[in-house]
Amino acid sequence: MKILVTGGCGYVGSVLIPKLLNDGHKIISIDTKWFGDYLPKHKNLNNLKLDLQNINKLKIKNLDCCIHLASIANDPMAELDKNLSWETSALNTYNLLEFLKKTKTKRIIYASSGSVYGISKKKRVTEQTGLKPISLYNKVKMVTERIILSYSKEIETFIIRPATVCGYSPRMRLDVTVNALTFSGLHKGKINVFGGKQVRPNIHIDDMCEIYRFFIKKNRKYAGIYNAGFENKSILEIANIIKKKIGSKIVIYNDKSDPRSYRLDSTKITEIGFKPRKNIKSAISEIETKYNKKLLKEKDNYYSLKWLKKTLLKKTFI
Ligand SMILES: NC(=O)c1ccc[n+]([C@@H]2O[C@H](COP(=O)([O-])OP(=O)(O)OC[C@H]3O[C@@H](n4cnc5c(N)ncnc54)[C@H](O)[C@@H]3O)[C@@H](O)[C@H]2O)c1
């Protein structure tokens, strides 16, 4: 298949694209490369530094699928520049969809976020649950979903609402829960927990990528919205799993600044045949192995917010 991946140089894209190449697909990746470029060279990969807002410069047609990952990808980053957040996700997605329509692309698979449900104490947060996004990031994701769904008659639309992703990637993110706590335990010998009661769903990065591969192949009749998160755990529970595995101490701070708390119910995706193969424990082990082999070190660009503040905003907006 010929597949366009937006945001292909990001945390998820850097694991996904090698898997897609291994499957024999031809890939066009477009990315601003804010956090660098860790993609391998490959005869079937056209790796372009291109802002989604210039999507019309792409001279391609007959795409089978677009996997749309490009976004400002967490809550604090979205707050850095509100206009940029709306432009990057919502406006650029509108431009992308017009482009996909014009080039007669068959399918789009969109990385939304499980956080569109907002704070919820419900045990079962399914795709039927109403959305109550609380942060700008969540609201942008919700609106972007709606833009994509408005093209459902012309393009097969698959919306994925992932949990927080965990595990190793060549473009590492040390600002997502499991990765951050594990790295801190390994590197500093302590796991800092702020609050700790907040419940978050999790998904291993390999399962995340498997979901994109699953939906590339799935019959069009399965188009729709899917939650993707398999372990709902409080931050303190996650910290305890890490403590048990790597033996570092937990330090709890009484901090209520991040109240986001929700669970995801992913029965719908499992009922159509998807089964997760990994979990939080596998992510911790893999990160530990990379760290011990000195293949994972602290780098500024692994902290997306810090990096964007230091680079992008300085250059362009301040
Ligand atoms: N990582 C998670 O825990 C998680 C959870 C839920 C949803 N998601 C969503 O999955 C997607 C991928 O997440 P990620 O963790 O790989 O994020 P990431 O920040 O590592 O990757 C996003 C990529 O998009 C690129 N990008 C941003 N704006 C662009 C633009 N205008 N044009 C071209 N490229 C642009 C960035 O350079 C970056 O490489 C995002 O949409 C994110 O919101 C991620």
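Mentor: F194 stands opposite Y253 in β12, where helices (H or I, at least four residues) and strands (E, at least two) are DSSP runs numbered from the N terminus. This is a predicted model, in which local features need pLDDT of at least 70 and side-chain atom pairs count only at pLDDT 80 or more, whereas totals for chains, interfaces and linings use all residues. Residue numbers start from 1 along each chain as its sequence is written.

The two residues belong to a parallel pair, since β8 and strand β12 (residues 249-253) are joined by five bridges; two strands are said to pair if DSSP finds at least two bridges between them.

Turning to the open sheets, one of three strands has the order β7-β9-β11 with mixed pairing. Its edge strands are β7 (164-166) and β11 (231-234), each of which pairs on one side only, and the twist averages 45° from one strand to the next. For such angles, axes are lines fitted to C-alpha atoms, for helices over the stretch in contact, and values run from 0 to 180 degrees between N-to-C directions. Three bridges link β7 in the parallel sense to strand β9 (residues 199-204), and T164 has N202 of β9 opposite to it. Helix α6 (residues 205-217) packs on this sheet, touching β7 and β9, with its direction at about 70° to that of β9. Helix α9 (residues 280-292) also packs there, touching β7, β9 and β11, and its direction makes about 65° with that of β9.

Another open sheet, of seven strands in the order β3-β2-β1-β4-β5-β6-β10, has parallel pairing. At its edges stand β3 and β10 (224-228), each with a single partner strand, so one side of each is left without a neighbour in the sheet; neighbouring strands are turned by 15° against each other on average, direction ignored. Strand β4 (residues 65-68) pairs in the parallel sense with strand β5 (residues 107-111) over four bridges, and C66 has I108 in β5 as its bridge partner. Helix α6 packs on this sheet as well, touching β4, β5, β6 (156-162) and β10, with its direction at about 165° to that of β6.

Two further helices pack against each other: helix α5 (residues 177-188) and helix α7 (residues 235-246) meet at an angle of about 40°, with their axes 10 Å apart. That makes α5 oblique to α7, because angles under 35 degrees count as roughly parallel, over 145 as roughly antiparallel, 65 to 115 as roughly perpendicular and the rest as oblique. On the α5 side the contact is made by T177, V178, L181, T182, G185 and L186, and on the α7 side by I235, I238, A239, I242 and I246, where contact requires C-beta atoms, placed from the backbone, to lie within 7 Å. By class, this contact has eight nonpolar, three polar and no charged residues, with Ala, Val, Leu, Ile, Met, Phe, Trp, Tyr, Cys and Pro counted as nonpolar, Asp, Glu, Lys and Arg as charged, and the others, Gly among them, as polar.

Key
Two residues are in contact if their C-beta atoms, placed from the backbone, lie within 7 Å.
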